[in-house]
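Colleague: Could you take me closely through the helix packing in this model, describing how the helices that meet are oriented and which side chains sit between them? Please give the cut-offs behind your terms as you go.

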Amino acid sequence: MLLSPGTVDAPAAQRNYRWVARRPDHRTRRAGAATSAPLGPTPRYTETPRWGLLDPPPSPAPTPERPLRGISAHRDRLLRGTAMVFLVAGLAEYGRYLILLQNRARLIPGWLLSISDATVLVFGVIAPIYALVTAVSLVAWLIEARTIVFTAYGRRDPRKRWSLIAGCLVPGVNLIWPGVFLTELLGADPDPRSRRAVRIWWAAWVFSGLLLIAATLWRDASTLQAEADGVSFTGFTNLCAAGFAILTLWMVHALEGRDLRGDIRSAHRWVMAADPAQIVIAPVEPGAVVVRDDAGHDEVERADSGRTGENTQEEVVAK
């Protein structure tokens with residue numbers, strides 16, 4: 001490389017060279033400058049450009065989907081469906097009981113007996129299966145709810161998952177443990193309405209279990225009248241099961257701060273009124289008193305406060 005004879009640190013006026021900046025493609029552009037097409041109009045925006053002006057917040061990290069959450073998501077629909085199925089099953093049993101009453105004095109058509117048998121059989125099988133699926137969904141909801149509550153307290157659920165499942169689904173012990181699990185779900189300072197809902201549900205759950213045991217034992221009756229009474233009692237237990245499903249839906253919504261329809265429950269607080277009491281009866285004002293002297297003349301005087309307070313005002317009608 002050839003260096004300029006001038007001094008490297010010489011000022012710009014004494015240098016014998018100058019720096020020239022050219023584009024890398026200056027030779028190509030110079031050759032095709034004569035044949036280049038016109039650039040056209042200057043680009044413009046018809047509205048304020050939005051590129052680069054948006055600053056969306058970062059998307060939250062995806063939470064891992066728990067398998068039990070998908071099962072408990074259908075809890076409300078399963079409870080309503082269980083209530084409808086047991087309601088129809090109870091009506092079918094009472095329809096069978098009415099047929100038995102009519103059969104004492106007259107013959108029953110065969111088609112009516114076939115319909116009654118099919119209805120009792122179908123809903124007698126569907127109702128327990130539906131109730132079992134609903135129970136599994138409720139157990140899944142209980143596990144998820146306990147996990148959320150204890151995590152909010154910075155703790156882990158002291159109950160194992162298998163103990164929760166066994167305590168809710170094993171016959172016999174499931175009359176006691178679900179109420180215990182729900183009471184633990186309320187925490188140390190529960191809402192009185194939620195605590196009352198759990199107690200009502202617990203009592204109804206024990207009562208429904210006793211009804212189920214009684215209905216099962218009644219099926220072994222030997223006399224015709226006992227069998228007919230067993231049909232009526234089975235219909236009654238089915239209607240009670242339908243009502244218990246609605247009660248369970250109310251209890252679950254009460255624990256979540258909602259009403260039976262699923263709407264958010266509004267909070268009410270009673271406070272002492274600070275406004276002064278409104279006077280309903282107006283105070284007595286002093287008025288005129290008519291007094292008759294010995295000569296029979298009437299004189300009008302103002303009543304004093306003492307006479308007014310004692311309510312001793314006297315009215316005299318002038319002739």
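Modeller: The axes of α3 and α4 come within 8 Å and cross at roughly 155°, where axes are lines fitted to C-alpha atoms, for helices over the stretch in contact, and angles run from 0 to 180 degrees between N-to-C directions. That angle makes α3 roughly antiparallel to α4, on a scale where angles under 35 degrees count as roughly parallel, over 145 as roughly antiparallel, 65 to 115 as roughly perpendicular and the rest as oblique. The crossing of α3 past α4 is left-handed, which is said when the near helix is turned anticlockwise from the far one by less than a right angle, clockwise being right-handed. This is a predicted model, in which local features need pLDDT of at least 70 and side-chain atom pairs count only at pLDDT 80 or more, whereas totals for chains, interfaces and linings use all residues. Residues are numbered from 1 along each chain as its sequence is written, and side-chain values use heavy atoms, with hydrogens and water left out.

Helix α3, which spans residues 75–102, also packs against α8, at an angle of about 165° and with the two axes 8 Å apart. The pair α3 and α8 is therefore roughly antiparallel, and their crossing is again left-handed.

Helix α4 has a further packing partner in α6, with an angle of about 30° and 9 Å between the axes. At that angle α4 runs roughly parallel to α6, and the crossing of α4 and α6 is left-handed. From α4, the residues W141, L142, A145, R146, V149 and F150 make the contact, and they meet F181, L182, E184 and L185 of α6; contact means heavy atoms within 4.5 Å. L142 touches F181, L182 and L185, and also C168, when residues up to four places away in sequence are not counted.

A nonpolar core here is a set of buried Ala, Val, Leu, Ile, Met, Phe, Trp, Tyr and Cys residues joined through side-chain atoms within 4.5 Å, and buried means under 20% relative accessible area, exposed over 50% and partly exposed in between, with a 1.4 Å probe and protein chains only.

L121, in helix α4, is exposed with a relative accessible area of 57%, and its C-alpha is 9.3 Å from that of A92, 29 residues away in sequence. L217 lies in helix α7 and counts as exposed at 61% relative accessibility; its C-alpha is separated by 9.4 Å from that of G230, 13 residues apart along the chain.

Of its 319 residues, 25% count as buried. Among contacts between residues at least 6 apart in sequence, 61% join residues at least 24 apart.

Notes:
Helices (H or I, at least four residues) and strands (E, at least two) are DSSP runs, numbered from the N terminus.
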